[in-house]
Amino acid sequence: MPSSSSSVAGGATAHVDTFARERLPAADALPECLFELPELQFPPRLNCATELLDRWVGRGSEGDRPAVLGHGGVRWSYAELQAHANRIARVLVEDMGLVPGNRVLLRGANSPMLAACWFGVVKAGGIVVGTMPLLRARELVGIAQKAQVSHALVDARLAEELDLALPQCPALKQVRRFGIAEAGSLEALAATKPAHFDNVDTAADDVCLMAFTSGTTGVPKAAMHFHRDIMAACACWPPHVLRATRDDVFIGSPPLAFTFGLGGLLAFPLSIGASTVLIEKATPDALLPAIAQFKATVCFTAPTSYRAMAMQIAAQVAAQPSSGSSSSAVPDLTRLRKCVSAGEALPAATRKLWKDTTGIEIIDGIGSTELFHIFISADEQHARPGATGLVVPGYRAAVLGDDGRELPRGQVGRLAIKGPTGCKYLDDARQANYVQGGWNVTGDAYLQDADGQFVYQARTDDMIISGGYNIAGPEVESALLLHPAVAECGVVGRPDEARGMVVKAFVVLRPGHGGDAAMVAELQDYVKRTIAPYKYPREIEFRTSLPRTETGKLQRFRLRAGA
Ligand code: 3UK
């Protein structure tokens with residue numbers, strides 16, 4: 001078999017600080033890696049910043065093409081982004097004492113400056129530790145301690161929570177602020193540096209990223225990724241499924257601290273010489289006008305965000321004066337051509353609503369922090385309502401039974417993935433939960449249908465077992481979302497003496513609908529008519545909003561606690 005490897009042993013590490021390398025999982029705890037595609041043959045030395053950024057500047061006028069755009073008229077070419085990143089790399093090395101292998105915490109909302117910091121760290125051979133903007137001091141402490149973070153670059157507006165964390169992070173001695181006009185700020189130091197920097201000649205399997213999982217409780221998990229992993233992700237889903245071009249303008253909501261955002265809004269656009277819009281606030285009401293303003297062509301966001309944007313467009317169209325006035329508030333989305341949804345299952349109703357509103361067929365894809373990005377997906381031609389799609393070239397997918405063997409098509413089991421990227425937790429016994437028998441076991445219940453399409457059921461621990469039936473909450477949610485009165489919903493199991501569990505729905509109604517007993521009966525009947533009647537929600541509670549993570553995921557554990 002061509003170059004299938006289960007070992008990470010590679011060329012000599014460039015890391016002087018070998019903290020990450022020493023805490024990789026043991027060889028027999030690693031997933032099997034596949035490098036079968038010709039584009040997945042990587043050299044032993046590889047710095048992904050060189051590949052994603054410097055490569056273009058080396059090619060004459062290519063360096064003048066736009067790379068990152070932001071609010072306030074920021075429009076950096078590849079050469080300008082490179083110059084910013086090089087100066088930051090110099091500050092890290094010359095003023096902050098960074099040595100290759102050190103962990104650098106980045107804290108900021110998406111912006112061109114945050115992208116420059118990301119490249120500055122990676123160029124200097126550091127390891128990026130991204131953090132979600134909304135994290136509080138106690139969560140930052142957990143991350144900084146686990147990763148033994150030594151350096152931090154922080155947006156001045158988010159510095160407070162990090163300052164509160166510092167007393168409990170003795171290893172974190174070097175902190176610089178950006179986005180502030182003060183002596184000693186990152187920008188002030190950077191301005192004194194030449195724009196040139198020689199990237200550290202890292203090994204392809206040197207760690208460059210510790211991605212903390214959006215876990216719910218307990219000690220956070222850090223998924224480590226090599227320079228090679230970032231480039232491998234760029235070589236699989238983007239060219240085979242997304243198929244964007246260098247003239248595309250990427251935009252979206254996921255933070256760069258989330259690998260969905262890091263890939264979709266930084267690595268993937270730069271890997272093809274395209275440009276990316278990095279905006280701090282990308283809630284649906286802010287993303288919609290930004291798509292129009294920046295003439296964005298490729299959008300990455302979560303299913304609920306597409307749903308909310310579609311409902312907003314409908315409201316704006318309805319409010320528009322009938323005479324075609326040019327001062328209409330409806331944003332111009334005519335340049336938009338590709339829309340990617342990930343993070344949660346895409347309900348068929350949301351796919352249809354977005355298509356009816358914009359004419360665009362959403363590209364759904366399931367990815368994970370552990371695998372870096374999307375491994376099952378469908379392009380516009382292969383999109384099928386209710387299914388996630390086909391395995392992405394470069395990856396292999398299976399549905400496993402409880403005995404760890406592959407199940408025949410049509411049966412529900414545990415989704416298992418192999419490919420060029422895979423789970424490498426930092427010093428964590430939970431490696432054995434995610435990697436079993438060489439497979440990455442994502443924790444999702446799936447089936448593969450006769451056409452090879454993978455159909456999502458639920459998180460394995462979210463399956464509702466009621467009266468002896470297995471019921472997947474997301475399927476009931478999808479049915480409820482088809483009802484015109486439903487804006488959002490979440491379905492969980494509530495413990496019940498007689499049935500083990502009962503199906504309980506939390507529903508946010510659209511404006512103009514009341515949550516009374518008649519509405520409960522109406523929605524229950526509607527579900528019974530739409531899917532197998534035994535799946536209907538025996539309980540419905542109306543809410544004004546649902547608990548979600550910063551990455552747009554419904555927090556089912558919170559709904560369960562409230563059930
Ligand atoms: C769920 C989906 C159904 C699924 C992610 C794209 O979400 C990402 O990473 P996380 O580590 O969560 C992984 C889990 O989220 N999920 C994600 N996408 C889908 N379920 N359909 C989908 N399309 O449970 C998965 O195991 O936060 C997504 C790219 C990079 C990512 N990190």
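Colleague: So a polar contact is a pair of N or O atoms within 3.5 Å; with that in hand, how far is the side chain of Arg-459 from an oxygen atom of the ligand?

Modeller: Bearing in mind that this is a predicted model, an N or O atom in the side chain of Arg-459 sits 2.9 Å from an oxygen atom of the ligand, and that distance falls within the 3.5 Å cut-off for a polar contact.

Colleague: How much of the ligand does the protein bury?

Modeller: The ligand taken alone exposes 600 Å², and 95% of that is buried by the protein.

Colleague: Which residues come nearest to the ligand?

Modeller: There are 23 residues around the ligand, and the ones that come nearest are Thr-259, Gly-365, Thr-369, Asp-444 and Lys-553. By class, this shell consists of 9 nonpolar, 9 polar and 5 charged residues.

Colleague: Which element gives the largest share of that shell?

Modeller: That is β15, with 4 residues; the elements that supply at least two residues each are α10 (259-271), β15 (363-367), β21 (439-448) and β22 (454-459).

Colleague: Changing topic, how many cavities of 30 Å³ or more are there?

Modeller: The count comes to 2, and the largest cavity holds about 110 Å³ of space. Its lining is made up of 15 residues, with Val-128, Gly-130, Thr-131, Leu-256 and Ala-257 nearest the centre, and by class that lining has 10 nonpolar, 4 polar and 1 charged residues.

Colleague: Which elements supply at least two residues each to that lining?

Modeller: For the largest cavity they are β5 (103-107), α4 (112-123), β6 (127-131), β9 (207-212) and α10, and α10 is also among the elements that supply at least two residues to the shell around the ligand.

Colleague: How much space lies in the second largest pocket?

Modeller: The second largest pocket contains about 810 Å³. Of its 36 lining residues, Ser-253, Ala-282, Thr-283, Pro-284 and Glu-550 are the closest to its centre, and two or more residues come from each of α11 (284-293), α12 (303-319) and β25 (486-496). The most comes from α12, which gives 6 residues, and the classes in this lining are 16 nonpolar, 11 polar and 9 charged.

Note on methods: Residues are numbered from 1 along each chain as its sequence is written. This is a predicted model: local features need pLDDT of at least 70, side-chain atom pairs count only at pLDDT 80 or more; totals for chains, interfaces and linings use all residues. Side-chain values use heavy atoms; hydrogens and water are left out. A residue is near a molecule or strand if one of its heavy atoms lies within 4 Å of it. A polar contact is a pair of N or O atoms within 3.5 Å; within protein, one must be able to donate a hydrogen and the other to accept it, and residues adjacent in sequence count only if both atoms are side-chain atoms. Accessible areas come from the Shrake-Rupley method with a 1.4 Å probe; for residues, only the protein chains shown count as cover. Ala, Val, Leu, Ile, Met, Phe, Trp, Tyr, Cys and Pro count as nonpolar, Asp, Glu, Lys and Arg as charged, and the others, Gly among them, as polar. On a 1 Å grid over the protein atoms alone, a cavity is a set of points where a 1.4 Å probe fits but cannot get out, and a pocket is an open set with protein on both sides within 12 Å along at least five of seven lines; lining residues have an atom within 4 Å of a point. Grid points are joined across faces, edges and corners, and a volume is the space filled by probe spheres set on the points.
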